[in-house]
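Please read them alongside the coordinates.

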Amino acid sequence: MNEDYLWDKSGQPDPQIQELEQILAPLRYQPKSLKLPVVRRRNYWPLAIAATVLIALLVTGVWLRSRTEKPQQQQEAKFVPSVVTEETPTPVVVKNTKLRRKPFHKPRSNKRVFTKHEREEALAAKEQVLLALRLTSEKLRLAQRRTQGPPPNQIKNQHKSDKRS
Amino acid sequence: MKLLFHKLRLPLIAGLLVVTAAFAVQAQDPKIQTGSLDHLAAKASQTVDVNVDGRLMKMAAKLLSDKDVEEKEIKELVAGIKGIYVRRFEFEADGQYSAADVESIRSQLRGPSWSRMVNVTSKKDGGLEVYLSFLGEQVNGLAVLATDDREFTVVNIVGPIDLEKLNKLEGQFGVPELGIESTKAKPKNDK
């Protein structure tokens, strides 16, 4: 057997070696160019920007809501008696509960609805509502007197007739 | 860049629509911001400050009796009202508030939903303006702006209000008279 054939394929080959070569021929190295698998990259930009816009909207909504509700946190009405002497020029804050003339009768059914704290809160709110309505009513009547015109509902209709014309 | 804009077109349009809708809703809210008047409290000799939001309105309405005629009337009046806000300042001297203070309120009342119903101005009695806010044909807000040499009042009612019923309230419901007109008789030469 010529061993040079095994080394550099020179000389006379051995038949068994040739047979083995034929059997293993399909597995022989085939030179070809490298092909990397194509991976499709997803574009996350639209998703990211949409999420940013959504977050911005949420923050804007929360900010607008807090801006609207901030002045509502004051729940105590301040009222100062109309007679103010020169010695006390600073405003005095008096709770509206002192402004009532008529004692308040709490409905029986409300005992089950409100806790003590809620009831106090509701009472204060009621006093504020009465005070505000009273003040509004006086201003409207004053406006009516000064204009020497029709009552407010007619004023409202006047607005509608103005729109029509 | 063009491709990016193309891909972002839908989210951007949706976002813009939502923002526009949010601002439109905010603009139609007949609630007036009166925070700019806070500094007047220190100068005022008398202050009325009422802040009743929707939650408190409901609580207050529950305390109004259905059996008492007067309270029943006021209960019907406040039904549906989402808030009542009053800022009233009375001063011992003239010129304690500025035109900017008035403008801070008046500018809010120039919105599309507001209509000025009454505007009375006189040197003696000051200015009195009544505004109504409309949502379609329905009244959804009321504002009164009363200014005098020594008085500055802003009333804001948010929600539907029956003006005829409101007008009948004077002298009722156990609330003492505030003597609005009497304040105008004060001498003006104190400065």
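1. A residue is called buried if 20 or more other C-beta atoms lie within 10 Å of its own, exposed if 12 or fewer, and partly exposed in between, with C-beta atoms placed from the backbone. By that count, 16% of the 165 residues in chain A are buried, and for chain B the share is 40% of 191 residues. This is a predicted model, in which local features need pLDDT of at least 70 and side-chain atom pairs count only at pLDDT 80 or more, while totals for chains, interfaces and linings use all residues. Residues are numbered from 1 along each chain as its sequence is written, and chains are lettered from A and ligands numbered from 1 in the order in which they are written.

2. Secondary structure elements are DSSP runs numbered from the N terminus, with helices being H or I over at least four residues and strands being E over at least two. Chain A has six helices and zero strands. Chain B has five helices and six strands, arranged along the sequence as α-β-α-α-β-α-β-β-β-β-α.

3. Two residues are in contact if their C-beta atoms, placed from the backbone, lie within 7 Å. The corresponding figure for chain B is 62%.

4. The strands of chain B form an open sheet in the order β1-β2-β6-β5-β4-β3, with antiparallel pairing; two strands pair if DSSP finds at least two bridges between them. β1 (46-52) and β3 of chain B are at the edges with a single partner strand each, so one side of each has no neighbour in the sheet. On average, and ignoring direction, neighbouring strands are turned by 5 degrees against each other. Axes here are lines fitted to C-alpha atoms, for helices over the stretch in contact, and angles between N-to-C directions run from 0 to 180 degrees.

5. Two pairings can be checked by residue. β1(B) pairs with β2(B) (residues 83-90) in the antiparallel sense over seven bridges, and B:Val50 has B:Val86 in β2(B) as its bridge partner. β3(B) (residues 114-122) and β4(B) (residues 126-135) are antiparallel over eight bridges. A hairpin of three residues joins β3(B) to β4(B), and B:Trp114 is opposite B:Ser133 in β4(B).

6. What does α5(A) lie across? It lies across β1, β2, β3, β4, β5 (138-148) and β6 (151-158) of chain B, running at about 115 degrees to β1(B). α5(A) also packs on α2(B) at an angle of about 90 degrees, with the axes 8 Å apart.

7. A nonpolar core is a set of buried Ala, Val, Leu, Ile, Met, Phe, Trp, Tyr and Cys residues joined through C-beta atoms within 7 Å. The largest has 51 residues, and those with the most contacts inside it are A:Val129, A:Ala132, B:Val52, B:Ala60 and B:Ile84. α5(A) gives the most to this core, with twelve residues. Beyond its neighbours within four places in sequence, B:Ala60 contacts A:Ala122, A:Ala125, A:Lys126, A:Val129 and B:Val52. Another core, of five residues, lies apart from it and includes B:Phe89, B:Phe91 and B:Tyr97.

8. In helix α3(B) (residues 69-78), B:Glu71, B:Ile74, B:Leu77 and B:Val78 are buried. Their directions from the helix axis to the C-beta atoms fall within an arc of 115 degrees, so they line one face of the helix. These residues pack against α5 (116-147) of chain A and against α2 (54-63) and α5 (163-167) of chain B. After α3(B) comes B:Gly80, with a positive phi near 95 degrees.

9. Two single residues remain. B:Leu63, in α2(B), counts as buried because it has 22 C-beta neighbours inside 10 Å. A:Lys9 sits in the loop between α1 (4-8) and α2 (15-24) of chain A and has a positive phi of about 60 degrees although it is not a glycine. With 9 C-beta neighbours inside 10 Å, A:Lys9 counts as exposed.
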